[in-house]
Amino acid sequence: VGQMALTAVSEKVIVFTDGDLIKYNLQPSQFLMKLLQRECSGRSVVYTFPHLSIQEFVAAIAQLLTPDSGDMVKFLTEIYSTTDGRFEVFLRFVAGLSS
């Protein structure tokens with residue numbers, strides 16, 4: 001879930017499909033359905049985090065739990081070069097969780 005949230009924050013994605021769950025080896029479970037909201041719309045099912053800040057928090061936890069800190073330094077360097085503000089809350093969560 002964390003990697004999916006992190007990738008989605010970096011790509012500005014807030015809606016996920018069954019294909020996204022499969023891509024990240026996620027199975028709909030009680031835990032996952034407590035974290036994501038499931039919405040049926042016609043022939044398709046989509047999933048969203050209840051709020052973007054929850055997605056950003058899950059992404060921050062995933063980034064902090066990544067075993068290779070070199071990747072984190074590289075990733076944070078890339079984040080600081082973005083100017084559209086999409087990582088602002090994510091960075092606040094990273095800073096708060098790492099202190």
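Strands E1 and E3 (residues 44-48) run antiparallel to each other, joined by two bridges. Keep in mind as you look around that this is a predicted model. Its mean pLDDT over the chain is 87, and the sheet that E1 and E3 belong to is open, with three strands in the order E1-E3-E2.

**The sheet as a whole**
- The pairing in this sheet is antiparallel.
- Which strands are at the edges? E1 and strand E2 (37-41) are the edge strands, and each of them pairs on one side only.

**E3 and its partners**
- On the E2 side, E2 and E3 are paired in the antiparallel sense through five bridges.
- Ser-41 finds its bridge partner in E3 at Ser-44.
- Is E3 mostly covered or mostly open? E3 is mostly covered, with four of its five residues buried.

**The hairpin turn**
- E2 and E3 form a hairpin that has two residues between the strands.

**Confidence along the chain**
- A pLDDT of 70 or more is reached by 98% of the residues.
- Among the elements of the chain, strand E1 (residues 16-17) has the highest mean pLDDT, at 94.
- Helix H5 (residues 69-80) has the lowest mean pLDDT among these elements, at 74.

Definitions and conventions
Residues numbered from 1 in each chain as written. Predicted model: local features only at pLDDT ≥ 70, side-chain atom pairs only at ≥ 80, totals over all residues. Heavy atoms only, no water. pLDDT = per-residue confidence, 0-100. Pairing = 2+ DSSP bridges. Buried < 20%, exposed > 50% of the residue type's maximum accessible area, 1.4 Å probe, protein only.
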